[in-house]
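I wanted to get to know a new structure, one piece at a time.

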Amino acid sequence: MSSNHQVLSGLGVGLEAVAAEVFRVAPAKPLPIPANHTGDKEAETHKVRSAVDAVSSQLQELGAKSEETTREIFEALEMILQDESLFEQAIEQIDQGFEAGTAFVNAVETFAELLAGDETFEERIADIRDLGRRVAAHVHGISLGLDLPTTGSYVLVGEDFSPADTAQFTDAVVGVVTIAGGPTSHTAIICRSRSIPAVVSCQGAKDIVSGQSVLVDPVGDRVVVGADLSSATRALSFVSKSQEPLVSVRANIGSLEDAVTAATSAAKGVGLFRTELLYLSSKQKPTLQQQIDSYTEILAACPEGPIVVRTIDAGSDKPVPFLNMAHEENPALGVRGFRLIKEHREFITEQLKAIESARAKTGRDVWVMAPMIASYQEAVEFSELARSLGEYKIGIMIETPGIISAIKHLGGKLDFVSVGTNDLSQYLFAADRMHSQLGALMNHWQPGLISALADIANLSAMAGIHSGVCGESASDPAFSIVLAGLGFNSVSASPSQVGQVRSALMSVDKDQAILVSKAALGGLSAEQSKSLALEKLASFEG
Amino acid sequence: MSTISAQVVIEDPIGFHARPAGQIVKLVKESGLEIRIGKPNEKMVKANSPLSLMALKGKSGETLVVEIDTEDQSVADGIVSQIQEFLRG
């Protein structure tokens, strides 16, 4: 690729690349500035009603043309638009003197503020505000249509696209780039379901203008200005060389249903059984017998192989109702996971007893581990406690950077360690894992994370401790090869990813995996680490 | 008309989000009854309003009070158990 091709990084959606001319969607036309009405409240109320009904029927029309996922989105939006409380709020605004459009936008804003600050609703708020704009635009006779070309082939570039926008995508839209939005935005969901190559969260795309030609390269997580398809990153295809994966592939579960699903996958055992669900939903502490029954049922349903059970990982952001957890300013840095032992030793002891009884009853190969261990003393405290209560294998989660150097002293005390890469990234980079603007630091190809993983695998091997990875990163097939190359003994992925991760780990031998991990370690950025690893992988083909 | 009240628990690990709110509104509209939902000892909101229900910001594990304006205990029981089902996620 010649050096004058500007590369803009983002997050890819899909596996196919496309190169075409840009159609730049201009920022939405501004609505008239907030204004008062001339005194006829009834006329304004009527305007709101008919604009709401008109937008409602637009949504119905768009829904009728769409496939199921999209249709459900439009039905939900229409239900919100027709919310009587929203209409009453708008009438109150009219009573205060605002004209119909302003009144409705203000009413929407009242609810948007009520919902703000709650991560469950972050993406819904943008949709609700869009409804407000649509009603106001209708009141003022402004068109919010995108006026997209219907013939030719274009890559649509814009800030982000609402459900009403994406429903207007014509056949001429062959690729999509958004400046904002994330992997769970509507644009991403729609493009995935319609197989339109897309790159979202691509901040560099703000300077792209209509008429330029771009390559949308989702596999490479990038947009390349002026490049053609020959520069596209090739999607990986894994050709099996052996019957069994290089390291064992386990599944992550959190419930009986998950255990049943995992048992239908090719997973060899369970690498992470999250036990929180058993407790987060009950108001009273389940009795020892109830816990034994739950664990027995779930252990019996798990896929064949070892089952790694994590003791409770709760904190003030994930409170257990019956443990009376105080509010904390920084729950991620507070009393969570094994730190609960100080106040709730009996509870953790009882959990370990219940797991031991279920182990004995089912005869399964059970391993137990504690989350949020930060020091050698804590690791030893858990090891001694668990050793006194059962005959399982004993380990800890590696999530805090502080525990890494202690691994070399833990030989003989621990049987295994398991890395939670999501939390390890959060604590390595001091970046809240839920923060929408810090997503780039949570990318598991970050060189800082890969080098920490290399240390963990080395120290564990020297101490004679089995090492595994159960975070999100282990569900990425290419990254699982890096993990095997670094020296980890097992990986654990979500049940739906087990098949792909296994295929990846059946396509290389140990020496090749080591070469891929060395390539990844040579990167100076997440993008570079990933592309170096993928280039190395591609070099083995043919 | 008398009011029957009952309690439900949010069991959905992600809390009281948009989908259960929509399911409850649909149920309330179909029932034709006036139904209110709220946290104990706090202001109740009309259960036909998805936005008001979402604005309760109910978290997993929290208890909610359901008030139904009806004299028919079996109708009320049916509605409460369906609402509980929606909140199971």
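Here is what I looked up, entry by entry.

**Ground rules.** I am reading a predicted model, in which local features need pLDDT of at least 70, side-chain atom pairs count only at pLDDT 80 or more, and totals for chains, interfaces and linings use all residues. Residues are numbered from 1 along each chain as its sequence is written, while chains are lettered from A and ligands numbered from 1 in the order in which they are written.

**Entry 1: a strand in chain A.** I began with strand β5 (residues 173–178) of chain A, where five of the six residues are buried (20 or more other C-beta atoms within 10 Å of a residue's own, with C-beta atoms placed from the backbone). Helices (H or I, at least four residues) and strands (E, at least two) are DSSP runs, numbered from the N terminus. Strands pair if DSSP finds at least two bridges between them. Strand β4 (residues 154–158) of chain A runs parallel to β5(A), with five bridges joining them; here I found Gly158(A) opposite Thr178(A). With strand β6 (residues 198–200) of chain A, β5(A) pairs over two bridges, also in the parallel sense. There Val177(A) faces Val199(A).

**Entry 2: a helix.** After α4(A) comes Gly117(A), with a positive phi near 80°.

**Entry 3: where the chains meet.** I counted 20 residues from chain A and 20 residues from chain B in the contact (two residues are in contact if their C-beta atoms, placed from the backbone, lie within 7 Å). On the chain A side, α2 (68–81), α3 (84–95), α4 and α9 (277–280) each supply at least two residues.

**Entry 4: a residue in chain B.** Is Glu67(B) partly exposed or buried? Glu67(B) counts as partly exposed because it has 16 C-beta neighbours inside 10 Å (exposed means 12 or fewer, and partly exposed lies between that and buried). Glu67(B) sits in strand β4 (residues 63–69) of chain B. Ile35(B) is 32 residues away in sequence, yet 5.6 Å away from C-alpha to C-alpha. Leaving aside neighbours within four places in sequence, the contacts of Glu67(B) include Ile35(B), Arg36(B) and Met44(B).
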